[in-house]
Amino acid sequence: MPKNKLNQVTNTVDQDNLAPVEKDDILIVKNVKKYFPLGSNWFKKTTSFVKAVDDVSFTIKRGNTLGVVGESGCGKTTLGRTILRLHSITDGSIEYDGNDIRTISKREMTKLRPKIQIIFQDPYSSLSPRMTIGEIIGEAVREHKLVPLTEHRDYILDVMKSCGLPPYYYSRYPHEFSGGQRQRICIARALALKPDLIVCDEPVSALDVSIQAQIINLLVDLQKKFGLTYIFISHDLSVVEYISTEIMVMYLGSVVEQGTKEQIFRKTMHPYSKALLSAVPVPDPDVKKNRIILTGDIPSPANPPKGCKFHTRCSECMEICKSVVPKLKEYEKGHFVACHLYPQD
């Protein structure tokens, strides 16, 4: 059969109760919360929660990349998994291409899953050691019947080629590959389902710098070729700056700053964002940066501080920060900040 070119396919489930969305908006997240039960009383009623994701909202346009950054434990990965409904949604709404992910049935969600994929952080633990690479990449393709069985092998080989994997890898097992090769396999597994949206959960954090560059360039090339939309979760701000269109900074489950790449890196407003950017290394021994050192540890998401969650570590903390939660306000088009240093209602 002729080699397949992965064409973008859009399957939309019509729902009369959904509000119309702009044509370019592929994902709309509104006031999403994900709380994990922590403690209960004598009657087994939950009395405390870990607020992993606390009232997060954003919109992604088709073909763009949203970079999500923040310290470990800020809720980045939980947010990504909640969007895919790998975690149940405590509150809020997630609309993918006009479909409310929270309310649709399991059967409808199963039909929708090929369009929303994830690349996990650890490329080894996410690959079954008992399956060959061809079986790993082709398992979901066969399950969702994306191609006829007679064309299955050729289709998988075509996907592998798109991700820089030679055909002879088809019958090999994950333990025979390096970390960078395994991550390419994970990317191929996600790409094989012809997705529109891919959640990249720190896909290069476990790799060497040179291999990181290869994987990032591969993701950029695939995005240009197939029109993919990414949610790119990472600690490395230099990588986020390279690949992202927009950036969202999270702290303790909440969004503290959000805007375009240029706004976040050139017009940084929130003290936490400034501290993160000051930690980015500069490849020039003659350049000395004014490093902002954050004091103290990240508060527990099970017992966050009152007022602004960042006030316990902020060098510019005011009295109002200790009691009043700042609103996430738009101070210029597309640039949102939650901080009392700037005018609030």
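Colleague: In which sense, right-handed or left-handed, does α3 pass α5?

Modeller: Please keep in mind throughout that this is a predicted model. The crossing of α3 over α5 is right-handed, and the two helices, α3 being residues 133–143, pack at an angle of about 30° with their axes 8 Å apart. Since angles under 35 degrees count as roughly parallel, α3 and α5 are therefore described as roughly parallel to each other.

Colleague: Which residues of α3 and α5 meet?

Modeller: On the α3 side they are Ile 133, Ile 136 and Ile 137, and on the α5 side Ile 185, Ala 188 and Arg 189.

Colleague: At what angle does helix α5 pack with helix α6, and how far apart are their axes?

Modeller: Helix α5 (residues 179–191) and helix α6 (residues 209–226) have axes 10 Å apart and an angle of about 20°, and they are therefore roughly parallel as well. Here too the crossing, that of α5 past α6, is right-handed. From α5 the contact draws on Gly 180, Gln 183, Arg 184, Ile 187 and Leu 191, while the residues of α6 that take part include Ile 211, Leu 218, Leu 222 and Phe 226.

Colleague: Let us turn to rings. What describes a pair of aromatic rings?

Modeller: Such a pair is described by the distance between the ring centres and the angle between the ring planes. This structure holds 7 aromatic pairs. In one of them, Tyr 168 and Tyr 169 have ring centres 5.1 Å apart and planes at 90°, so the pair is edge-to-face. Tyr 169 is buried, with a relative accessible area of 9%, and Tyr 168, Tyr 169 and Phe 177 together form one aromatic cluster.

Colleague: How is the pair of Tyr 331 and Tyr 342 arranged?

Modeller: That pair is tilted, with 5.7 Å from centre to centre and 55° between the planes. Tyr 331 lies in strand β11 (residues 329–332) and Tyr 342 in the segment after β12 (335–337), so the pair ties together parts that are 11 residues apart in sequence. Tyr 331, at 27% relative accessibility, counts as partly exposed.

Colleague: Which ring does the charged end of Lys 34 sit over?

Modeller: The charged end of Lys 34 sits over the ring of Phe 36, at 4.8 Å from its centre.

Colleague: Finally, is Gly 67 buried or exposed?

Modeller: Buried means under 20% relative accessible area, and Gly 67, at 0%, is buried. Gly 67 has its place in strand β3 (residues 65–69), and once its neighbours within four places in sequence are left aside, Gly 67 is in contact with Phe 232, Val 240, Ser 244, Glu 246, Ile 247 and Met 248. As for distance, Gly 67 and His 87 are 20 residues apart in sequence and 20 Å apart in space, C-alpha to C-alpha.

How values were computed: Residues are numbered from 1 along each chain as its sequence is written. This is a predicted model: local features need pLDDT of at least 70, side-chain atom pairs count only at pLDDT 80 or more; totals for chains, interfaces and linings use all residues. Side-chain values use heavy atoms; hydrogens and water are left out. Rings of Phe, Tyr and Trp (its six-membered ring) pair if their centres lie within 6.5 Å; planes under 30 degrees apart count as stacked, over 60 as edge-to-face and the rest as tilted. Buried means under 20% relative accessible area, exposed over 50%, partly exposed in between (1.4 Å probe, protein chains only). Helices (H or I, at least four residues) and strands (E, at least two) are DSSP runs, numbered from the N terminus. A charge sits over a ring if NZ of Lys or CZ of Arg is within 6 Å of the ring centre and within 35 degrees of the ring normal. Axes are lines fitted to C-alpha atoms, for helices over the stretch in contact, and angles run from 0 to 180 degrees between N-to-C directions. Angles under 35 degrees count as roughly parallel, over 145 as roughly antiparallel, 65 to 115 as roughly perpendicular and the rest as oblique. A crossing is left-handed if the near helix is turned anticlockwise from the far one by less than a right angle, and right-handed if clockwise. Contact means heavy atoms within 4.5 Å.
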